[in-house]
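Please look at the sequence and the structure before reading on.

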Amino acid sequence: MILGIVETLNEWVAPIRSWIESNHDNPVMWIAFFLIGLAIFAFTYSALNKDH
């Protein structure tokens, strides 16, 4: 059961992984990843912060 889930996830991630490997030297991609991560962090922090 678990092995099937892992194999399915690997199949889904393979095209994304190959795209990232072919564009690993693109600074715009890394800036976009950073900003997306920062936005997810800010959204999560504001949702969990109850001191406002």
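How many residues does α1 have, and how far does it reach from its first C-alpha to its last? The model is predicted. In it, α1 has 21 residues and reaches 30 Å between those two atoms. That is close to the 30 Å expected at 1.5 Å a residue.

**Helix α1**
- Helix α1 covers residues 2-22, and Trp12 is found in it.
- At Val13, α1 bends by about 40°.
- A proline, Pro15, follows this bend within four residues.

**Overall form**
- The chain has 2 helices and 0 strands.
- Its radius of gyration is 16 Å, well over the 10 Å that the globule rule gives for 52 residues, so the chain is more spread out than a compact globule.
- The C-alpha trace spans about 45 × 35 × 10 Å along its principal axes.

**Burial and surface**
- Of the 52 residues in the chain, buried residues make up 2%.
- The chain exposes about 4,900 Å², and carbon and sulfur atoms supply 73% of that area.
- A nonpolar patch on the surface is formed by Met1, Ile2, Leu3, Ile5, Val6, Leu9, Trp12, Val13 and Ile16.
- Together these residues have about 990 Å² of accessible area.

**Trp12**
- Is Trp12 buried or exposed?
- The relative accessible area of Trp12 is 60%, and exposed means over 50%, so Trp12 counts as exposed.
- Trp12 is also one of the residues in the nonpolar patch, as is Val13, where α1 bends.

Key
Residues numbered from 1 in each chain as written. Predicted model: local features only at pLDDT ≥ 70, side-chain atom pairs only at ≥ 80, totals over all residues. Heavy atoms only, no water. Rg over C-alpha atoms; globule rule 2.2 N^0.38 Å. Buried < 20%, exposed > 50% of the residue type's maximum accessible area, 1.4 Å probe, protein only. Areas by Shrake-Rupley, 256 points an atom, 1.4 Å probe, with all protein chains shown as cover. Patch = residues over 30% accessible without salt bridge, like charges linked within 9 Å, V, L, I, M, F, W, Y side chains within 5 Å. Salt bridge = Lys/Arg side-chain N within 4 Å of Asp/Glu carboxyl O. Expected span 1.5 Å × (residues − 1). Bend = angle between axes of the 7 residues up to and from the residue.
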